[in-house]
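Colleague: Thanks for making time for this one. I would like a close look at a single part of the model, with the rest as background.

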Amino acid sequence: MTAKLEHANYTVSDPAATADWMQKLFGWHIRWEGNAIAGGHTKHVGTDTQYVALYTPGDATKPKYTSYKVTGGLNHIAVVVDDLDATERAIKQHGFKTGNHADYEPGRRFYFHDDDGIEYEVVQYD
């Protein structure tokens, strides 16, 4: 048996705002939303088979630290797109800055950070 990733759940400052740009830039849709632990709120945004759960607690969130040197830290989320160049244009038009472009097997990629400082990798496989 081979396992398949169904979802990832992480904390953001504003699930509605994050879900909004994800819908616009990645073509995803809201699968579910509702109350969550600790008086928080969660939005599930993605495709019919895979999604991210965007959680915010009932109280204010704290600024993110860099996770690359913290055991258990979330380093980045990666998404696969059909047209890397068109996606990058849309991401830039939204106001996010892209960087760290690379073209190596098995595909081309770049990275960007959202308003919460969460890093995303965008990949196109040829």
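Which residues have the most contacts inside the largest nonpolar core, and how many residues does that core have?

Modeller: Happy to walk you through it. This is a predicted model, so to speak of local features we need pLDDT of at least 70, and side-chain atom pairs count only at pLDDT 80 or more, while totals for chains, interfaces and linings use all residues. Residues are numbered from 1 along each chain as its sequence is written, and side-chain values use heavy atoms, with hydrogens and water left out.

Now to your core. The largest nonpolar core has 22 residues, and Tyr10, Met22 and Phe112 have the most contacts inside it. A nonpolar core here is a set of buried Ala, Val, Leu, Ile, Met, Phe, Trp, Tyr and Cys residues joined through side-chain atoms within 4.5 Å; buried means under 20% relative accessible area, exposed over 50%, and partly exposed in between, with a 1.4 Å probe and protein chains only. Two or more residues come from each of α1 (15-26), β4 (51-56), β5 (77-80), α2 (84-94), β7 (107-113) and β8 (119-125). Helix α1 gives the largest share, five residues. These elements are DSSP runs numbered from the N terminus: helices are H or I with at least four residues, strands are E with at least two.

Take Tyr10 as a way in. Leaving out residues up to four places away in sequence, Tyr10 touches Met22, Val52, Ala53, Leu54, Tyr55, Leu74, Ile77, Ile118 and Tyr120, where contact means heavy atoms within 4.5 Å.

Glutamate 119 is in strand β8 and counts as buried because its relative accessibility is 12%. Beyond its neighbours within four places in sequence, glutamate 119 contacts Tyr68, Asn75, His76, Ile77, Tyr111, Phe112 and His113.

As for the background, the chain has two helices and eight strands, in the order β-α-β-β-β-β-α-β-β-β. Of its 126 residues, 37% are buried. Among contacts between residues at least 6 apart in sequence, 44% join residues at least 24 apart.

One backbone detail is worth a look on the way out: a cis peptide bond joins glutamate 105 and proline 106, with omega about 10°. Proline 106 sits in the loop between β6 (98-104) and β7.
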